[in-house]
Each structure stands twice: as structure tokens, then as C-alpha cells.
Amino acid sequence: MTRACTAIAHPNIALVKYWGKRDRPLNLPSTSSVSVTLGGFRTRTTVTWGVAQDGVRIDGRTATGPVADRVRRFLDRVDPKRPPCRVESESDFPVAAGLASSSSAFAALAVAAARVAGLDLDPGALSALARQGSGSACRSIHGGFVHWQRGAAPDGSDSRAVPILPAGAWDLRIVAAVVDAGPKAIGSTEGMERSRLTSPCYPAFVRENERLASWAARCVETRDLLGLVDAMERSTLLMQATMTTAVPPVRYVRPDSLAVVDAVEGLRAQGLTCGWTMDAGPNVKVLCTASEADRVAGILGPLVSAVHVLTPGGPAVVESETALSG
Ligand code: DP6
């Protein structure tokens, strides 16, 4: 039987960072992390189960090499005895630009592939599955504000994301300031591994970040935006400390990124409740109240190539499914 399923997932932005693994094949993180799933941007992925041969198309192009291998390996985890499958995936935002494209890609793939494989997984099990494609994808299974608990089990069964607050429960905005939408020179998988293995700051990051993740989750529960922004900036700076002291250094920040950081800190000095973060790329994401988002976007717009004002988004969902032949 050939079956197809289409799923949609949104990317997420880490407020407290995942940076470094204690187990590479399973993507088990060194620390817990906290994120917000973004509305507005999405990945739509169709998995067709039971075709003549494996095929992967991403944004209209046939994927080959390591990208296609990573998708095939993921499908093998969903079902080691699977038939050949076709995967077609499209994202409506710049891929590989520090906007967390792998998070929505592997969350959508996990939801669609589990469904066509006939697996009946609850969101926690889907999160643990998505994690094996890309760590950050485990958080995009859920909408709103999310806590990825690092877990302790060697098989990773307890390393999964749990929702803290749904998207509609806290009306914040994320202003994405795009410094450069091109692909990054060093992927996050390599950047975090180099930081873990070579930076003398890495143990300090692990120690502090675990504490920051618990604190940030508490700030989300109590809707304490100033506390959350503080945890977010501290986690970002600790992650960047491991990058800049890695051998050789991992450098994503550009002068234009720092101009955005200066502008955000200037706005905060004027009384706005906002804060900045960056991931494995030069783009800056700003967390702020809904009422202040237009002012933030207006100040940042002239400094960068594009700004997007985004709301917290919903969970990964099945959009449609079809039985194509019997
Ligand atoms: C800086 O989830 O892309 O965005 O598990 O190797 O696929 P892999 O890494 P990935 O790393 C994301 C790193 C980050 C921080 C974060 O999202 O928490």
C-alpha cells in the first residue's frame, strides 16, 4: 500500500540554548533548553511511503549527499524495515540562516513519517523521535513556549520537550532582524561539537545553562519578561563564549549583528521590555511585548536587510493524508 501524509511544523528560536551533545547519534544534549515556536514561518513536508526508490526534494530541488543521507537515516529510525519513500519538503523562510530551519524540517518529517509508518505516537514520543533528526526539532513538535529536558537515560527516552505555555497564553513578539539570509559557513552540528571539544569555557556553559533553563521556564510560567530576557541574553553570551574560544574559533557574529544588539540595548535603556538573542548565524532575534514590536522593528529596519515581526506559533500538525494504492 502506498500512503502519503503531509505535515506542517514551525521553526523555534532558543531562548536558553542547546549547544553541545552528550551523545551524538541520538542528539542527546549536554543541557536543557527553552524555546518559543514561531508562527508565520513554516515547513510543509510530504512523505510518500512505498514508492519505487528513495527520493528527497527540498525547496523544489533534488537533495543528494549528506543532506539526503540524513533524511534517509531518519526514516530508517522511524522503521528499520521501511519501504522506499519519497520526501518533499518546502520552507517559506531562508534555510540555514540561523532561523532554525532544521527544527521545523525534522519536526514536520517526524510527524508525517510516523503517521505513514502507522505509528501511533503521543507528542512526547514524537518529540523524542524528532530530536533524533535534529536536536532543536524536538521543541517544534509543541507550540508556544517549550522546555526541552535533557534527561538522563542512556537511550534518550526521557530527553524530550514539554510544553510550558501554549502560543496564545502570552502575547509576545519575536522581531527577526535578518543581517544575512545566506547559508552559514559552519553548521550548528559542527559548531557545537568544536565548542564542546576545544573550548575551555564549555564546562562553565553547561553548568550555568542548566540553571538558566530552569529559571527561564519559571519566568515563562510567571510571565516575567524581564527575567526571561535576562536568562536569554546570558545563555546567548555563554554560548558565544564557547564559540569564540573554540579552536579554531567559530564566529557567526558580524558587525551588523552587534549594531542590532546596541540598538536593542538602547531601547531597553529607554524603558522598553525587550532583549536580543542569536543562534548559529549572524541574524538577531528580539523578544518584546506585542505593543512595542512596531517600535522595535522600526528602529532595527534601517540596520539590516529585512525584519520580520513574528508571533508565537502552534504545534506541528498533520495537514492531510491519502492512501494512493492498495
Ligand atoms: C544554536 O538543532 O541545528 O540553534 O542537533 O546537530 O541538528 P543538531 O543541531 P541543531 O542546533 C541548534 C543550535 C542553536 C541553539 C538552539 O536551537 O537551541
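Trainee: What should I know before reading the values?

Mentor: This is a predicted model, where local features need pLDDT of at least 70, side-chain atom pairs count only at pLDDT 80 or more, and totals for chains, interfaces and linings use all residues. Residues are numbered from 1 along each chain as its sequence is written, and side-chain values use heavy atoms, with hydrogens and water left out.

Trainee: What makes domain 1 and domain 2 separate domains here?

Mentor: Domain 1 brings 31 residues to the contact and domain 2 brings 46, where contact means heavy atoms within 4.5 Å.

Trainee: How do you know how much area is buried between domain 1 and domain 2?

Mentor: Buried area is the accessible area (1.4 Å probe) that two parts lose on being put together, summed over both. For these domains the value is about 3100 Å², with carbon and sulfur atoms giving 70%. On the domain 1 side, Leu-15, Lys-17 and Trp-19 lose the most area, together 27% of what that side buries.

Trainee: Why is the pair Glu-193 and Arg-24 called a salt bridge?

Mentor: The term asks for a side-chain nitrogen of Lys or Arg within 4 Å of a carboxyl oxygen of Asp or Glu. The closest N and O atoms of Glu-193 and Arg-24 are 3.7 Å apart, so the pair meets that rule. Across the interface of the two domains, the rule finds 2 salt bridges.

Trainee: What makes a polar contact, and how many residue pairs across the interface have one?

Mentor: A polar contact is a pair of N or O atoms within 3.5 Å; within protein, one must be able to donate a hydrogen and the other to accept it, and residues adjacent in sequence count only if both atoms are side-chain atoms. Across the interface there are 12 such residue pairs, both residues being at pLDDT 80 or more.

Trainee: How do you know which residues are around the ligand?

Mentor: A residue is near a molecule if one of its heavy atoms lies within 4 Å of it. There are 17 residues around the ligand, and Tyr-18, Lys-21, Ser-134, Ser-136 and Thr-189 come nearest. The side chain of Ser-134 has an N or O atom 2.7 Å from a ligand oxygen, and for Arg-70 the distance is 2.8 Å.
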